[in-house]
Amino acid sequence: MKHFLSVHDADKSTLEGILRDAEAVEKDFEPCYDGNQVMIAFFAEPSTRTRLSFERAMQWLGGKVLTAADASASSSLKKGETLKDTFRTLSQYGDVIVMRHGLKSWVDEARKYSRIPVINAGNGDGEHPTQTLLDLYTIQRELGRLSDLKIMICGDLKFGRTVHSLVQVLRSYNCQFYMVPAVNQYHQRLGLDPLYWAEYDEKFPGQFTALGVQEAADHLPEMDVVYMTRIQEERMQDVFHERHLMWNMFCLTSKEVENMKESARILHPLPRGKEISEEVDSDIRAAYHERQVRNGLYVRISLLRKILEYR
Ligand code: NCD
């Protein structure tokens, strides 16, 4: 594997290999690397968990880290430098680039112009493949399997890149998806399909069911995983002046969670908005804080190892 810009860059056995290795990492969380390699964290969009866990992962491996944490303001991108020239430059300074940028197509530039491997830490509303690794790892750890699950996915299904990546992988594990999109007056006025899943449904008939808020509550007791996401208001520039529209979305409070199976798990890539109330945090089914966040470290160690070995 050279790049990891899309979940399609790794076949199923490679993904599973990374998950297996992450489990070994978790068991043996000790420094063990040769210390000469350099990871460049180039983040042109905000991040807490993704950037810091990558940095921590590289440090744990014994490598070194160069960080441009606010690259849209602090790098030459601000002066109009192209992504092509940026990749040419970064390729001279490190062994691997971890990058986040708001433009969906930056991954194509990376494929063309980077001489060193690039890991996609988020490309606009495109993908977030390393979040998928930790989501898969968390599901596997918590439920003991990835296959034949009933998964409810709620919130921003259009701009939420974590959902885009996750669904593409879990689809091949014979999971059933129950999609619960957030909608507002803007969608209705423009006649937009609030589901945004019509194309998936066409391609993979039978795997996706769209639910409204009330139907979601009714189906909750059947679910194995409930994956919540926030509204990505920053990606709705054309409705910027209407940012505070009322959203109609499925939210979790203790009342809803009470109806879930004991073995079911709630995941969230974080940060959260109002879609999960804080009272849910202490429920054993809430995996999103400590467990899911920490798992990000193990899978990123495992991925960095895999990619750096490639060179
Ligand atoms: C997500 C992202 O950046 O796409 N955050 C993350 O990396 N865990 C989700 C989000 O911002 O809503």
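Which pocket is the space taken by the ligand?

Author: The space taken by the ligand is the largest pocket. On a 1 Å grid over the protein atoms alone, a pocket is an open set of points where a 1.4 Å probe fits, with protein on both sides within 12 Å along at least five of seven lines. This is a predicted model, in which local features need pLDDT of at least 70, side-chain atom pairs count only at pLDDT 80 or more, and totals for chains, interfaces and linings use all residues. Residues are numbered from 1 along each chain as its sequence is written, and side-chain values use heavy atoms, with hydrogens and water left out.

Around the ligand are Thr50, Arg100, His128, Gln131, Arg161, Thr162, Arg230, Gln232, Pro269, Leu270 and Pro271, each with a heavy atom within 4 Å of it. This shell holds three nonpolar, five polar and three charged residues; Ala, Val, Leu, Ile, Met, Phe, Trp, Tyr, Cys and Pro count as nonpolar, Asp, Glu, Lys and Arg as charged, and the others, Gly among them, as polar.

Polar contacts are pairs of N or O atoms within 3.5 Å. The side chain of Arg161 places a polar atom 2.7 Å from a ligand oxygen, and an N or O atom in the Arg100 side chain is 3.0 Å from an oxygen atom of the ligand. For Gln131, a polar side-chain atom lies 3.1 Å from a ligand nitrogen. On its own the ligand has 320 Å² of accessible area, of which the protein covers 93% (Shrake-Rupley method, 1.4 Å probe).

Arg161 and Thr162 also belong to the buried residues of helix α7. In this helix (residues 161-170), 10 of the 10 residues are buried, so α7 is largely enclosed by the rest of the structure. Buried means under 20% relative accessible area (1.4 Å probe, protein chains only), and helices are DSSP runs of H or I, at least four residues, numbered from the N terminus.

Key: A polar contact is a pair of N or O atoms within 3.5 Å; within protein, one must be able to donate a hydrogen and the other to accept it, and residues adjacent in sequence count only if both atoms are side-chain atoms. On a 1 Å grid over the protein atoms alone, a cavity is a set of points where a 1.4 Å probe fits but cannot get out, and a pocket is an open set with protein on both sides within 12 Å along at least five of seven lines; lining residues have an atom within 4 Å of a point. A molecule sits in a cavity or pocket if more than half of its atoms lie within 2 Å of its grid points. Buried means under 20% relative accessible area, exposed over 50%, partly exposed in between (1.4 Å probe, protein chains only). Helices (H or I, at least four residues) and strands (E, at least two) are DSSP runs, numbered from the N terminus.
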